[in-house]
Amino acid sequence: MSGFSTPAILLRRIDYGDYDLIVTFLSLAKGKISALAKNAKKSRKRFSGLLEPFTALELVCRSGRAGGMPILQEASMHSPFAGIREDVFKTLYAAYWAELINGWMEEWKSQPRVYRLLYDALNALDLDLAGPEEISIIFQMRFLSLAGYTPKLDLCGACGTALDLMAAGTVIFDLEKGGIVCNGCAAGESRTRLRISKGAVKQLCWIRENDFKTLQRLRFTPTALREALSAMEAFVPYHLGRMPRSLRVLGQMRRR
Ligand SMILES: [Zn+2]
């Protein structure tokens, strides 16, 4: 019987009957995949408690019958990222990223750069290499860019004036236009517009062009951090067409 092995990160798991789980992974070799983990619920020993959210594993799967869902044969630990599950905010950020990947990516289409991005973001979150908000800004901006939804940040989306030539210290982040517009072009208030400083826009531009290792050295001022996070967390659901559940919960938790 044919099968495959691959590094993979667990995105979510759901009960399947009394004994089994359906586990969805972002795998390096096959992209997003779901597999049936037989007896994983009945016996924790079956997969030694490895099937926890956000763990990075090595999987061995065999093909399911008649083109059905693959069967998870073996799993071994690569990185547990246990520090994430001990912290409610870290868990929510990781759940949000997993939800974006689960909702936006096609199955069976390998995207090694997205895999690397998720792995690096989880690793940074686990080890406190930067604050969760900073890591989430980086994750969202890089993910948008890899998914082909990069916000337009270099020019006004209406008149084409370059960001550097705009005199004011702030510009408008316009969700409908998919990027920034200058103050002259953004007459009137709108629910789909946020004000953002040019400094925060420049940091988002820089994130777009750089890899995760470089980005860990990025430091936001408190204002730029708040603006960039709000812009990303408004832009992503607007273009996704729905509000990710974990992002809504994250918002509620922050207000407590
Ligand atoms: Zn303009």
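Modeller: Helices are DSSP runs of H or I with at least four residues, numbered from the N terminus. The model is predicted. By that numbering, α2 gives seven residues to the lining of the largest pocket, the largest share.

Colleague: Which elements each supply at least two residues of that lining?

Modeller: They are β1 (3-16), α2 (88-104) and α8 (245-255). The pocket holds about 320 Å³ of space. Its lining has 14 residues, and R12, A95, E99, R245 and S246 are the closest to the centre. By class, six lining residues are nonpolar, four polar and four charged. Domain 1 (1-80) and domain 2 (134-255) each contribute at least three residues to the lining.

Colleague: What makes C156 (SG), C159 (SG), C182 (SG) and C185 (SG) donors of the zinc ion?

Modeller: The cut-off for a donor is 2.8 Å from the metal. These four SG atoms lie 2.3 Å from the zinc ion, so they count as donors. Along the chain their spacing is C-x2-C-x22-C-x2-C. C156 is in the loop between α4 (132-146) and β6 (170-174), and C182 is in the loop between β7 (179-181) and β8 (193-197), so this pair ties together parts 26 residues apart in sequence.

Colleague: Why is the arrangement of the four donor atoms called tetrahedral?

Modeller: Four donors qualify if all angles lie between 85 and 135 degrees. Here the angles are 102 to 117°, so the arrangement is tetrahedral.

Colleague: How do you know whether C156 and C182 are buried or exposed?

Modeller: Buried means under 20% relative accessible area. C156 has 4%, so C156 is buried. C182 has 13%, so C182 is buried too.

Key
Residues are numbered from 1 along each chain as its sequence is written. This is a predicted model: local features need pLDDT of at least 70, side-chain atom pairs count only at pLDDT 80 or more; totals for chains, interfaces and linings use all residues. Side-chain values use heavy atoms; hydrogens and water are left out. Donors are N, O and S atoms within 2.8 Å of the metal (3.2 Å for Na, K and Ca); water is not among the atoms, so sites may look incomplete. Four donors count as tetrahedral if all angles lie between 85 and 135 degrees; four count as square planar and six as octahedral if opposite donors are over 155 degrees apart and all others between 65 and 115; anything else is irregular. Buried means under 20% relative accessible area, exposed over 50%, partly exposed in between (1.4 Å probe, protein chains only). On a 1 Å grid over the protein atoms alone, a cavity is a set of points where a 1.4 Å probe fits but cannot get out, and a pocket is an open set with protein on both sides within 12 Å along at least five of seven lines; lining residues have an atom within 4 Å of a point. Grid points are joined across faces, edges and corners, and a volume is the space filled by probe spheres set on the points. Ala, Val, Leu, Ile, Met, Phe, Trp, Tyr, Cys and Pro count as nonpolar, Asp, Glu, Lys and Arg as charged, and the others, Gly among them, as polar. Domain bounds come from an automatic or database domain assignment.
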